[in-house]
Amino acid sequence: MSDFPVEQFESLVREFLAGKKQWDDVHDFVIGCEWIGAATLPHDCPSALEDLRSAFLADSRDDRQFLLTKAEAQELLDKL
């Protein structure tokens, strides 16, 4: 297992918030990290990082009530 690529993830979330990427782009990245075993978060990571990463495990085809709004994603990102 390797560490979760936090900087790449944060950058991708910022691009999503700016409208340059879609939900599924971030979702695919998170799922890809899970698939290759790069899902280990740093021990001292803020809970907001885990919440944000977990949120993007949801597929965009899932029920919309389970997806973060951009405002909610921004709020979590601001806590990092």
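Predicted model: local features only at pLDDT ≥ 70, side-chain atom pairs only at ≥ 80, totals over all residues.
Residues are numbered from 1 along each chain as its sequence is written, and side-chain values use heavy atoms, with hydrogens and water left out.

Let's start with the rings. Rings of Phe, Tyr and Trp (its six-membered ring) pair if their centres lie within 6.5 Å; planes under 30 degrees apart are stacked, over 60 edge-to-face, and the rest tilted. That rule gives six aromatic pairs here. One of them joins F16 and F56 edge-to-face, with 5.6 Å between centres and 85° between planes. F16 belongs to helix α1 (residues 6-17), while F56 is in the loop between α3 (47-55) and α4 (70-78), 40 residues apart. Helices here are DSSP runs of H or I, at least four residues, numbered from the N terminus. F16 and F56 are both buried, meaning under 20% relative accessible area with a 1.4 Å probe, protein chains only.

Which residues make up the aromatic cluster? F4, F9, F16, W23, F29 and F56 form it.

Now the charges. A charge sits over a ring if NZ of Lys or CZ of Arg is within 6 Å of the ring centre and within 35 degrees of the ring normal. K70 has its charged end over the ring of F16, 5.0 Å from the centre, and R53 has its own over the ring of F4, at 5.9 Å.

Finally, R53 lies in helix α3 and counts as buried because its relative accessibility is 8%.

Definitions and conventions: Helix = DSSP H or I, 4+ residues; strand = E, 2+ residues; numbered from the N terminus. Buried < 20%, exposed > 50% of the residue type's maximum accessible area, 1.4 Å probe, protein only.
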